[in-house]
Amino acid sequence: MSGRFAPRPTRTSVRGGHVAVPAAAGGRLPGAVPRQAAEPGRVRAWTPDGPLDLGLVLGPLRRGPGDPTFRTTPDGAVWRTSRTPAGPGTLRVSLHGAVARGEAWGPGADWLLEGLPELLGAADDPAAFEPRHRLVALARHRRPGLRLVRTGLVMESLIPSVLEQKVTTDEAYRAWRLLVRRFGEPAPGPAPERMYVMPAPRTWALIPSWEWHRAGVDDKRAGTILRAVRVAARLEEAVGFDPVGARRRLELVPGVGPWTSAEVVQRSHGCADSVTVGDLHLPGIVGYALAGDRDADDSVMLELLEPYAGQRHRAARLILLSGRTPPRRTPKMPRTDIGLL
């Protein structure tokens with residue numbers, strides 16, 4: 001019976017990159033702008049060579065339910081904004097049977113549509129993955145549409161990853177939401193309300209110290225972002241490197257370590273093997289799921305994932321998506337809002 005129904009989302013499975021995308025509605029919702037009345041955008045259709053689940057593929061790009069750069073709509077579409085090498089752009093992705101349809105607006109529209117197949121996992125090879133544990137095999141069976149996203153952009157993953165260092169996800173999501181809405185620009189085209197494009201590197205560099213403070217970002221994380229945006233062009237070049245070389249360049253920026261660089265190349269490169277080390281929860285989740293060891297550290301996690309060499313990130317995602325997590329035995333990490341201090 002377990003294979004017949006999609007598992008209910010949990011906090012762990014959401015962290016594994018799952019975003020619920022509503023089934024396409026048959027009629028128009030009250031207050032919705034008719035698609036034929038919307039400003040037309042450039043369009044591209046692409047047919048994947050296997051199952052495709054938009055919520056699983058694009059889910060890792062969402063930074064919390066209020067992310068101003070990411071939205072799902074009741075018509076079954078996923079909207080996202082990006083600051084591309086050609087400029088800001090808005091992309092709407094939807095599935096029509098087995099065909100993925102992308103529609104884009106703004107100066108970056110052509111760039112976004114050119115990268116649509118890779119964004120949806122065209123460069124990924126799910127068939128190369130061989131489950132070694134029953135739990136992983138079951139998670140893969142339940143999630144046949146999982147492909148690894150590849151954005152081809154570094155800064156849009158680096159900045160929110162830095163914001164997530166050493167704080168709760170709620171704090172990091174709040175900081176990202178406040179800063180993008182205040183200093184970003186409205187999304188091009190007929191995007192849903194309150195969608196924005198993340199600020200340009202120079203705009204990040206000019207954010208006053210008190211605005212970082214109001215957003216709850218301490219000096220250490222703000223300083224890391226400021227150092228990164230000053231060399232943004234050099235960091236974006238890392239997209240052309242292999243994941244190891246890209247991580248090496250990212251880690252030249254003081255404050256960017258193995259945890260952050262792994263989180264970036266998982267999204268920018270679609271790297272199937274960049275497992276996140278230094279995480280507060282992941283080793284315990286992997287250890288508990290595969291060996292019943294809730295106290296596993298990074299070394300134990302890497303040992304357990306060794307049979308998946310070359311595919312360790314995919315294995316870790318499937319474990320997270322399985323929803324199997326050790327029972328909580330301590331209070332949640334307290335939230336600290338430095339903006340109130």
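**Exercises: cavities, a helix and an arginine**

The largest share of the lining of the largest cavity, 4 residues, comes from β3. This is a predicted model, where local features need pLDDT of at least 70, side-chain atom pairs count only at pLDDT 80 or more, and totals for chains, interfaces and linings use all residues. Residues are numbered from 1 along each chain as its sequence is written, and side-chain values use heavy atoms, with hydrogens and water left out.

**Exercise 1.** Describe the largest cavity: its volume and its lining.

*Solution.* 
- Start with the term. A cavity is a set of points on a 1 Å grid over the protein atoms alone, where a 1.4 Å probe fits but cannot get out; lining residues have an atom within 4 Å of a point.
- Count. There are 3 cavities of 30 Å³ or more.
- Take the volume, meaning the space filled by probe spheres set on the points. For the largest cavity it is about 130 Å³.
- Find the lining. It has 15 residues, and L61, T69, R80, E156 and W176 lie nearest the centre.
- Place the residues. β3 (78-84) and α6 each supply at least two of the lining.
- Sort by class. The lining holds 5 nonpolar, 4 polar and 6 charged residues.

**Exercise 2.** Which residues of α7 are buried, and what covers them?

*Solution.* 
- Locate the helix. Helices are DSSP runs (H or I, at least four residues), and strands are E runs of at least two.
- List the buried residues (under 20% relative accessible area, 1.4 Å probe, protein chains only). They are E171, A172, R174, A175, W176, L179 and V180.
- Name the cover. It includes α6 (155-163), β7 (196-197), α8 (201-205) and α9 (209-214).
- Recall the geometry. An α-helix has 3.6 residues a turn, so residues three or four places apart point the same way.

**Exercise 3.** Is R221 buried or exposed?

*Solution.* 
- R221 sits in helix α10 (residues 219-230).
- Its relative accessible area is 4%, so R221 is buried.
- List its contacts (heavy atoms within 4.5 Å). Leaving out residues up to four places away in sequence, R221 touches V162, L163, Q165, V167 and G216.
- Look at G216. Its backbone oxygen lies 3.0 Å from a polar atom of the R221 side chain.

Methods. Buried < 20%, exposed > 50% of the residue type's maximum accessible area, 1.4 Å probe, protein only. Polar contact = N/O pair within 3.5 Å; in protein donor to acceptor, adjacent residues only side chain to side chain. 1 Å grid on protein atoms, 1.4 Å probe; cavity = no way out; pocket = protein on both sides within 12 Å on 5 of 7 lines; lining within 4 Å. Nonpolar A, V, L, I, M, F, W, Y, C, P; charged D, E, K, R; others polar.
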